[in-house]
Amino acid sequence: MNRKVLFIVGVICLVVAIADACKKGGSGGPDGFVSPEPYTLQLPPGFPAPVYDLSQNPLTKEGIALGRFMFYDYRLSKDSTVSCGFCHQQFAAFGHFDHALGHGVGGRQGNRSVPVIFNMLFQKEFMWDGGVNNLEIQPLTPLTDPNEMGVDLKVLLSKMQSDPQYRKMFRDAYGTEEITSQRMFRAITQFVVTMVSGNSKYDSVINHVGGASFTAEEQAGYHIYQQKCAACHKEPLFTDLSYRSNGLPYLKQLNDVGRMKITGNTADYLKFKVPSLRNIIKSAPYMHDGRFFDIYQVFDFYDHGVEVTSATDPLVKNGIPLTDAEKRQLYFFLNTLTDYTLIQRSALSEVRIN
Amino acid sequence: MILRIFYAWLTILLSGTLLVMAACSKSLQPQANAPITAVHIQFNNYVGNVPLQLNAGAYMNTAGEQYTVSKFLYYVSNFQLTDINGKTITLPQRYFLVDQATDSTKKITLDSVPVGQYTAIKWTIGVDSIRNVSGVQAGALAPENGMFWTWNSGYIMAKMEGHSPQATTALNVFLFHIGGFKQPYNALKTISITLPSTLTAGANHQAKINIKADADKWFHTPNTVSIAQSSIIMAAGVNAMAIAENYQQMFSVMSIAN
């Protein structure tokens with residue numbers, strides 16, 4: 001009898017073992033490879049559904065770590081001087097502190113300001129003119145633009161393939177050491193996707209977290225915002241993601257026609273994407289060409305600096321009158337949009353590249 | 001008695017194991033309805049009646065402009081075959097980038113062709129719109145192939161670069177980067193060719209179609225394109241559409257080897 005029981009157990013074990021071997025054979029993992037650990041992204045309450053399709057690029061701890069490493073690796077640029085994080089600084093909400101225009105390898109300068117890059121997974125188009133149609137391919141532009149990182153992608157891929165640390169990190173994230181552009185861009189995307197900003201004082205007040213409340217001046221500023229700004233800088237992202245001409249005087253030195261360059265449509269002349277007001281106090285300078293270094297200059301511009309052309313948005317055609325008291329209140333409100341969990345989160349901070 | 005129980009269990013064990021193994025192997029091998037084979041297509045790039053020679057060959061277009069070619073590349077995808085009964089067979093979606101500078105790219109293999117006889121072939125020159133908006137692609141569509149616009153997302157469907165004394169640029173360079181996947185400037189073009197003789201895709205041999213691509217057609221039929229008038233085409237638009245309509249006419253079958 002005992003022998004029989006032993007035998008049955010043996011049979012079951014064997015069948016299970018074969019079935020298991022079969023399963024493993026199907027997944028094709030190399031020896032010793034441990035599957036990357038899935039990562040669940042926490043989205044702020046009340047936010048829209050992500051636009052970026054995470055199912056084609058499931059987040060993993062190792063994928064995000066690889067993306068973060070590449071984001072801060074200056075060796076990705078043509079002359080190993082600038083990284084993504086060089087222009088997209090965490091303390092400036094991933095914009096470029098104190099720089100009107102983006103600059104890159106060899107001291108070259110572009111003709112637009114560095115856009116902040118948080119809440120990217122909620123956007124369907126990228127860049128000031130919306131010319132890039134998928135978050136994954138967005139890094140292609142700064143990487144290859146001669147005024148930014150200026151790299152030849154083929155050269156970069158072979159350089160990375162010859163680096164043991166990159167081979168290991170790609171293996172950890174994807175199972176094999178093969179370094180392809182698709183893997184590379186998807187990993188950068190994974191890291192960028194984690195730059196979510198929805199935990200400011202404003203959010204705590206709106207979501208009734210921990211008894212948070214606006215001061216009288218913040219509250220007054222919120223009302224001004226609702227009356228005078230919210231039509232374009234729409235909650236909860238604080239942008240409606242549309243393209244508008246806000247009446248900013250055209251600069252012939254830069255000759256930037258805005259979205260018209262993308263669509264070829266004269267109706268899009270001088271139109272740029274409405275930027276988010278989240279973290280705005282931390283992300284000066286302002287406008288697509290970074291011409292304003294102080295938020296009060298922006299208030300003054302809307303109050304009396306709008307230059308009307310045929311493309312100027314009807315909402316700002318007559319300017320946005322703001323008294324000194326209103327500007328002050330608006331400033332205090334905008335301060336509540338600073339998300340310290342974005343600009344101080346250690347998981348997003350610079351990694352040391354040896 | 002013990003021995004009989006042992007044999008009974010052994011039978012169950014073996015059949016169970018076999019069942020698992022059968023299920024296992026089945027899941028690894030897709031069931032094929034009809035036998036399939038491969039068909040090769042060799043693209044032979046010409047200018048008029050002479051084989052295209054990068055940098056070396058000197059040519060003249062219908063506008064009377066002299067030119068040389070330094071780069072000549074195009075995407076081919078979405079192949080379809082029509083069999084002798086008139087039935088259209090859509091082959092699995094594959095993308096190939098034919099590059100004059102790399103011989104291996106000029107011979108492509110359609111590897112899932114049902115065994116049969118075929119009278120016509122159809123494909124697209126370019127990359128369909130869905131691939132233009134779906135993020136970073138791999139293989140022939142990988143961005144490092146230099147056939148993707150970064151500033152205004154989308155594939156360059158076909159590219160010709162060269163020199164011409166009539167080019168208005170500083171170094172007499174002309175650059176024709178033809179793309180655009182959105183209306184009204186969708187440059188994706190379909191090529192439909194009736195084969196001069198029946199193509200026999202047999203189980204034991206691989207047939208080959210020799211196709212000629214005449215680069216000179218970029219400059220004429222139906223639209224006359226002048227390098228002097230448009231030396232640089234690097235965006236979707238009217239000029240790109242004119243060339244796309246021209247290169248849609250550049251393919252012909254030279255021969256079929258069954």
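Biologist: Are α2(A) and α7(A) roughly parallel or roughly perpendicular to each other?

Modeller: In this predicted model, helix α2 (residues 61–71) of chain A packs on helix α7 (residues 181–193) of chain A at an angle of about 95°. Axes are lines fitted to C-alpha atoms, for helices over the stretch in contact, and angles between N-to-C directions run from 0 to 180 degrees. Angles under 35 degrees count as roughly parallel, over 145 as roughly antiparallel, 65 to 115 as roughly perpendicular, and the rest as oblique. The two helices α2(A) and α7(A) are therefore roughly perpendicular.

Biologist: How far apart are the axes of α2 and α7 of chain A?

Modeller: Two packed helices are described by the angle between their axes and the distance between the axes. For α2 and α7 of chain A the distance is 7 Å.

Biologist: By class, how many residues of each kind has the contact of α2(A) with α7(A)?

Modeller: Two residues are in contact if their C-beta atoms, placed from the backbone, lie within 7 Å. The residues in this contact include A:Ile64, A:Leu66 and A:Arg68 of α2(A), and A:Met184, A:Ile188 and A:Phe191 of α7(A). Ala, Val, Leu, Ile, Met, Phe, Trp, Tyr, Cys and Pro count as nonpolar, Asp, Glu, Lys and Arg as charged, and the others, Gly among them, as polar. By class, the contact has 8 nonpolar, 4 polar and 1 charged residues.

Biologist: How are residues and chains labelled, and what is left out of a predicted model?

Modeller: Residues are numbered from 1 along each chain as its sequence is written, while chains are lettered from A and ligands numbered from 1 in the order in which they are written.

Biologist: Over which residues of chain A is the pLDDT below 50?

Modeller: Chain A averages a pLDDT of 92, and 91% of its residues score at least 70. One stretch is below 50, although it has 15 contacts in the model beyond near neighbours in sequence. That stretch is residues 11–29.

Biologist: How many helices and strands has chain A?

Modeller: Helices (H or I, at least four residues) and strands (E, at least two) are DSSP runs, numbered from the N terminus. By that count, chain A has 13 helices and 2 strands.

Biologist: Which residue stands opposite B:Tyr118 in β12(B)?

Modeller: Two strands pair if DSSP finds at least two bridges between them. Strand β8 (residues 116–125) of chain B pairs with strand β4 (residues 66–83) of chain B in the antiparallel sense over 6 bridges, and with strand β12 (residues 189–201) of chain B, also antiparallel, over 9 bridges. On the β12 side, the residue opposite B:Tyr118 is B:Leu199.

Biologist: Why is strand β11 of chain B largely enclosed by the rest of the structure?

Modeller: A residue is buried if 20 or more other C-beta atoms, placed from the backbone, lie within 10 Å of its own, exposed if 12 or fewer, and partly exposed in between. Strand β10 (residues 154–163) of chain B pairs with β11(B) in the antiparallel sense over 7 bridges, and strand β14 (residues 232–233) of chain B pairs with β11(B) in the parallel sense over 2 bridges. Strand β11 (residues 173–179) of chain B is largely enclosed because its buried residues number 5 of the 7.

Biologist: Is B:Asn172 buried or partly exposed?

Modeller: B:Asn172 is in the loop between β10 and β11 of chain B, and its phi is positive, about 60°, although it is not a glycine. With 16 C-beta neighbours inside 10 Å, B:Asn172 counts as partly exposed.

Biologist: Is A:Asp98 buried or exposed?

Modeller: A:Asp98, in the loop between α3 (84–87) and α4 (140–144) of chain A, has a positive phi near 65°. Its C-beta neighbours inside 10 Å number 10, so A:Asp98 counts as exposed.

Biologist: Which residue does a cis peptide bond join to B:Gln183?

Modeller: The omega of this bond is near 0°.

Technical notes:
This is a predicted model: local features need pLDDT of at least 70, side-chain atom pairs count only at pLDDT 80 or more; totals for chains, interfaces and linings use all residues. pLDDT is the predictor's confidence in each residue, from 0 to 100.
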